Amino acid sequence: MTIRSIYFISLKIVRLENWIDYFYCMNWQERIESKKDTLSGKPVIKGTRLSVEFILERLADGWSEAMLLDSYPQLKKEDLQAVFAYLNEFVKDGLIAELRPLVSK
């Protein structure tokens with residue numbers, strides 16, 4: 001392995017570590033709020049009527065980050081990161097119910 005290849009591998013690891021640090025340091029409260037008079041108190045991206053639920057539904061339907069950002073210009077990449085940080089907090093705190101298989105009738 002050459003010094004050049006070691007440098008590039010190290011650079012990629014540093015970039016990955018920086019992204020991970022950013023994700024875990026993301027303060028979703030800066031970008032997500034819940035008000036009684038906006039969508040009945042559902043969590044939304046601040047300054048919009050785009051709910052966390054709506055964004056997650058679009059992603060579950062196969063929308064890409066680029067599609068969301070193009071379709072909703074008021075939405076920023078950091079807003080999407082805040083949605084994931086918000087969801088991550090609920091998952092790691094055990095606030096999301098255990099998944100159970102659907103029972104067909």
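## Aromatic pairs and loop backbone in a predicted model

Student: Since this model is predicted, I would like to begin with Phe54: is it buried, exposed or partly exposed?

Tutor: Phe54 has a relative accessible area of 23%. Buried means under 20% and exposed means over 50%, with partly exposed in between, so the value for Phe54 places this residue in the class called partly exposed.

Student: How many aromatic pairs does a search of the whole structure find, and what is the geometry between Trp28 and Tyr86?

Tutor: The search of the whole structure finds three aromatic pairs. One of them joins Trp28 and Tyr86, whose planes stand at 80° with the centres 4.7 Å apart. Planes over 60 degrees apart count as edge-to-face, and the pair of Trp28 and Tyr86 is therefore edge-to-face.

Student: Which parts of the chain does that pair link, and are Trp28 and Tyr86 buried or exposed?

Tutor: Trp28 lies in the loop between α1 (3-25) and β1, while Tyr86 belongs to helix α4, so that the pair links parts of the chain that are distant, 58 residues apart. As for accessibility, both Trp28 and Tyr86 are buried.

Student: What geometry does the aromatic pair of Phe54 and Tyr72 have, and which elements hold the two residues?

Tutor: Phe54 and Tyr72 form an edge-to-face pair, with 5.6 Å from centre to centre and 90° between the planes. This pair also links distant parts of the chain, 18 residues apart, with Phe54 in helix α2 (residues 52-60) and Tyr72 in the loop between α3 (65-71) and α4.

Student: Which residues of helix α4 are buried, and what length does the helix reach from its first C-alpha to its last?

Tutor: The buried residues of α4 are Asp79, Leu80, Gln81, Ala82, Val83, Ala85 and Tyr86. Helix α4 (residues 77-92) has 16 residues, for which 22 Å is expected at 1.5 Å a residue, and its span is close to that, at 23 Å.

Student: What is the phi of Leu39, and what is the relative accessibility of Ser40?

Tutor: Most residues other than glycine have a negative phi. Leu39, in the loop between β1 (32-33) and β2 (44-45), is not a glycine and yet has a positive phi of about 50°. Ser40 is found in the loop between β1 and β2, and it counts as exposed, with a relative accessibility of 73%.

Definitions and conventions
Residues are numbered from 1 along each chain as its sequence is written. This is a predicted model: local features need pLDDT of at least 70, side-chain atom pairs count only at pLDDT 80 or more; totals for chains, interfaces and linings use all residues. Side-chain values use heavy atoms; hydrogens and water are left out. Helices (H or I, at least four residues) and strands (E, at least two) are DSSP runs, numbered from the N terminus. Buried means under 20% relative accessible area, exposed over 50%, partly exposed in between (1.4 Å probe, protein chains only). The expected span of a helix is 1.5 Å times one less than its number of residues. Rings of Phe, Tyr and Trp (its six-membered ring) pair if their centres lie within 6.5 Å; planes under 30 degrees apart count as stacked, over 60 as edge-to-face and the rest as tilted.
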